[in-house]
Amino acid sequence: MLAIYKREFKSYFYSMTGSIFIAFLTFMTGIYFMAYNLHSGYPYFSYSLEGVMFVFLVAIPVLTMRSFSEERRSRTDQLLLTSPVSVGKMVIGKYLAMVSVFLIPCMLFCAYPLIISTQGKAYFKADYASILVFFLLGCVYIAIGSFISAMTESQIIAAIGTFGVLMVVNLWDGLLGFLPSSAFGGMAGIWMILTLCVLFIYNMTKNGVLAGGLELIGTIILVVLYFVKSSLYEGLLSTIFGKFALVSTFTSAAENSLLDIGGIVMYLTLIGVFLFLTVQSIQKRRFS
């Protein structure tokens with residue numbers, strides 16, 4: 001795993017992708033730092049981080065698009081799949097290399113609160129907590145981008161797919177208002193989620209009996225619950241999807257100086273889930 005990590009980390013700088021990523025993220029953050037903290041006099045560096053969040057939509061796809069798709073396109077993934085290193089270690093090695101590249105600008109950001117302190121009062125706890133959450137949120141985005149990259153051999157498709165998913169994540173809070181709040185709408189929404197999960201299971205296992213059985217049992221349970229106590233479905237979709245508002249955890253740290261432990265646990269859980277899905281996607285191709 002260490003050899004893969006070193007190879008991947010160096011490759012980001014041989015191809016200039018890592019240098020461009022670091023320079024772009026640092027440059028954009030510096031602009032907001034000058035505008036908010038130096039020019040306008042805001043004492044919180046977290047405001048600058050919140051303003052630069054949109055950069056993730058472009059920077060993360062550029063960082064992750066070649067992580068697995070390029071190996072698949074050039075067929076060099078066959079060498080990795082037949083090597084003594086397990087698929088899990090290969091995925092973790094590549095992921096840690098991307099996280100290390102992202103860590104570099106985040107370490108540079110730690111100097112900004114110190115600069116603010118030379119001009120007046122600085123809020124170190126709030127700012128460094130925001131930098132930590134900002135870093136963890138970026139790690140979640142990198143895990144998502146890695147999974148999408150593992151599903152295609154086209155870097156362009158991987159980049160566009162990651163951009164689309166991250167766009168939805170950033171607009172998540174606004175999209176929640178469009179979800180139905182009625183009992184029937186809630187049941188229909190849960191049934192659609194069930195169907196998507198069953199399709200994913202079928203795509204991974206190619207077992208029609210298992211997928212069909214899960215779909216039938218799940219549908220029966222949903223319908224029975226609807227007739228027994230339909231109030232369970234009222235506002236259920238907003239409640240469920242509201243838990244996955246990733247940006248809100250960072251917003252709480254940036255705007256209210258509140259470190260949401262539950263949100264951080266969710267970040268770490270999502271990282272594990274998407275890395276697991278990445279491994280399964282590669283394993284499926286390995287045995288197909």
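1. A nonpolar core here is a set of buried Ala, Val, Leu, Ile, Met, Phe, Trp, Tyr and Cys residues joined through side-chain atoms within 4.5 Å. The model is predicted. Its largest nonpolar core has 63 residues. Those with the most contacts inside this core are Phe21, Phe102, Phe134, Tyr141, Leu246, Phe250 and Tyr267. Helix α9 gives the most to the core, with 15 residues.

2. Phe21 deserves a look of its own. Leaving out residues up to four places away in sequence, Phe21 touches Ala59, Ile60, Leu63, Val101, Phe102 and Pro105. Phe102 is also among the residues with the most contacts inside the largest core.

3. Another core lies apart from the largest one. This core has 6 residues, including Ala183, Ile190, Tyr233 and Leu237. Ala183 and Ile190 also take part in the contact of α12 with α13.

4. Next, that helix pair. Helix α12 (residues 183-205) packs against helix α13 (residues 208-228) at an angle of about 170°. The axes are 9 Å apart. Angles over 145 degrees count as roughly antiparallel, and α12 and α13 are therefore roughly antiparallel to each other. On the α12 side the contact includes Phe184, Met187, Trp191, Leu194 and Tyr202. On the α13 side it includes Leu210, Leu214, Glu215, Leu222 and Tyr226. By class, the contact has 15 nonpolar, 5 polar and 1 charged residues.

5. Helix α8 spans residues 112-119. Tyr112, Pro113 and Ile116 are buried in this helix. Seen down the axis of α8, the buried residues fall within an arc of 95°, so they line one face of the helix. The general rule is that an α-helix has 3.6 residues a turn, so residues three or four places apart point the same way. What covers the buried residues of α8 includes α2 (17-39), α7 (87-109) and α9 (124-150).

6. Ser146 sits in helix α9. Is this residue buried or exposed? Ser146 counts as buried because its relative accessibility is 0%. Setting aside neighbours within four places in sequence, Ser146 is in contact with Thr64, Ser67, Phe68, Tyr95, Met98 and Thr278.

7. Met16 lies in the loop between α1 (2-14) and α2. With a relative accessibility of 45%, Met16 counts as partly exposed.

Terms used: Residues numbered from 1 in each chain as written. Predicted model: local features only at pLDDT ≥ 70, side-chain atom pairs only at ≥ 80, totals over all residues. Heavy atoms only, no water. Buried < 20%, exposed > 50% of the residue type's maximum accessible area, 1.4 Å probe, protein only. Helix = DSSP H or I, 4+ residues; strand = E, 2+ residues; numbered from the N terminus. Arc of directions from axis to C-beta. Contact = heavy atoms within 4.5 Å. Axes fitted to C-alpha atoms, helices over the stretch in contact; angles between N-to-C directions. Parallel < 35°, antiparallel > 145°, perpendicular 65-115°, else oblique. Nonpolar A, V, L, I, M, F, W, Y, C, P; charged D, E, K, R; others polar.
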